[in-house]
Amino acid sequence: MTRESRTTTDGPVPALLEEVVAAPDRGRAASAFWDTLERAPLIGPAREIDGRRRHPVTFLWRAQDPGAEVMVHLNGITDAHREDLTPARLHRIEGTDLCHRTDWLPADGTWGYRIVELDRLPTDAGATRAGWLAIHEAGRPDPLNPRSQPHALGQISSLLVMPDAYQHPAWADTPGTAAPWITWELPGDGDAPRTLHHWQPAGASTRRRVLVLFDGEQWTALGLADAMERSGLDVEILLVDSHGPQRRAADLPYPERASRIVDAALARRATEFGGRVPADRVIVAGQSFGGLAAAGVALVRPDLAATAIVQSGSFWFTDGDEPRRHNPVPADLVRRLRAGEFGRPLARFHVQAGTDEGTMVDQAEHFHAACAGAGGAASLRVVTGGHDYAWWKHHLLRTLTDVVTD
């Protein structure tokens with residue numbers, strides 16, 4: 001099983017830029033090149049490398065400052081060497097504003113990315129949290145790439161979609177026509193109220209599934225209702241907002257607390273429509289801390305949700321320890337599962353992790369094995385990508401399709 005999308009440089013100047021380098025007036029040649037360029041990045045013909053089909057991907061950037069340094073922040077891939085950003089730097093053709101970098105990437109990958117241009121780009125910028133956050137904040141979407149999505153920090157990321165990457169057709173590039181979200185307020189669990197968003201397909205249905213999904217702010221921004229409308233799936237949605245990183249970290253890693261939130265969301269729906277939805281029609285899902293929460297809820301309260309979609313679950317989480325996303329050791333939830341605290345898991349778990357998430361694949365395997373060892377039903381899918389809505393959104397609908405049509 002491949003665990004990372006290793007990048008390799010294809011020389012300092014790809015063939016498509018050789019004419020610019022050889023031109024007597026490089027500045028004019030670079031301007032002419034930009035004038036003819038319709039979109040970026042540029043994806044070349046595939047080649048077999050390390051047993052995988054890979055394509056050369058050339059990132060291009062028109063530098064604003066003659067002395068600026070430029071890098072590409074490719075979700076997960078760049079994070080793997082954040083203390084030495086040399087492999088992410090773009091090369092500038094002398095005498096021009098044209099910066100470029102070519103990497104060989106797996107044919108089935110999907111990543112969000114941003115371009116960073118700074119007066120000075122410290123090679124070890126990612127050695128500290130503050131330095132890495134500064135890289136995130138300085139990143140900009142690629143103006144030549146029409147594919148983009150909201151960034152988790154409230155900005156925009158460009159999307160790199162390789163030729164063989166799985167893309168659910170419901171995630172179209174154009175806005176949909178779905179009915180707007182209805183917003184309700186949930187009573188807090190000893191703190192401030194929470195925001196709950198509701199959407200359902202038109203028409204009546206007696207077997208409609210209900211999806212309870214964490215990190216509602218991100219999913220509303222992504223346009224989940226439009227995508228669900230286009231999918232034709234008979235799935236109703238309840239989105240629970242996180243209300244910022246601090247509250248998110250205080251809620252989602254704790255199964256009992258996350259279960260009370262899901263219980264409250266389903267109770268609020270019952271108040272509006274009458275009658276609770278039986279667990280066999282409820283799917284709880286999430287990503288990162290939300291993935292951990294989805295797994296925890298389905299273990300602790302299978303009477304609430306009989307199915308969990310767990311994307312990049314933070315199974316590294318240990319209460320009281322410093323956050324260590326790259327911790328390969330099984331942590332709290334897996335230890336509890338192995339110890340038999342939940343008995344035989346009654347829910348069905350669909351577990352997914354990205355190749356470029358460090359030890360997240362290992363952690364997903366720990367949970368998958370522990371679940372199977374306890375007599376539960378779980379599947380595991382490893383996707384070529386980072387810690388990223390770029391693939392989460394497609395595989396969420398892919399898995400929902402499998403669940404609904406099963």
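**Close-up views of charged and aromatic contacts**

At 9% relative accessibility, Arg269 counts as buried, where buried means under 20% relative accessible area, exposed over 50% and partly exposed in between, with a 1.4 Å probe and protein chains only. The model is predicted, so local features need pLDDT of at least 70 and side-chain atom pairs count only at pLDDT 80 or more, while totals for chains, interfaces and linings use all residues. Residues are numbered from 1 along each chain as its sequence is written, and side-chain values use heavy atoms, with hydrogens and water left out.

**View 1. Arg269 and Glu236 form a salt bridge.** A salt bridge is a side-chain nitrogen of Lys or Arg within 4 Å of a carboxyl oxygen of Asp or Glu. In this pair, N and O are 2.6 Å apart. Glu236 belongs to strand 14 (residues 235-240) and Arg269 to helix 7 (residues 255-273), so the contact ties together parts that are 33 residues apart in sequence. Helices (H or I, at least four residues) and strands (E, at least two) are DSSP runs, numbered from the N terminus. Glu236 is also buried, its relative accessible area being 2%.

**View 2. Arg248 is joined to Asp215 by a salt bridge.** The closest N and O atoms of the two residues are 2.7 Å apart. The pair links distant parts of the chain, 33 residues apart: Arg248 is in helix 6 (residues 245-251), whereas Asp215 is in the loop between strand 13 (209-214) and helix 4 (216-222). Asp215 is buried, with 6% relative accessible area.

**View 3. Asp263 and Arg301 make a salt bridge.** Here the closest N and O atoms lie 3.8 Å apart. Asp263 is in helix 7 and Arg301 in the loop between helix 8 (289-300) and strand 16 (307-311), so that distant parts of the chain, 38 residues apart, are linked. Asp263 is partly exposed at 23% relative accessibility, and Arg301 is partly exposed at 25%. Salt bridges with shared partners join Asp263, Arg276, Arg301 and Asp303 into one network. The structure holds 17 salt bridges.

**View 4. Ring pairs connect Trp171, Trp219, Tyr389, Trp391 and Trp392 in a cluster.** Rings of Phe, Tyr and Trp (its six-membered ring) pair if their centres lie within 6.5 Å; planes under 30 degrees apart count as stacked, over 60 as edge-to-face and the rest as tilted. By this rule there are 13 aromatic pairs.

**View 5. Arg398 lies over the face of Tyr166.** The distance to the ring centre is 4.2 Å. A charge sits over a ring if NZ of Lys or CZ of Arg is within 6 Å of the ring centre and within 35 degrees of the ring normal.
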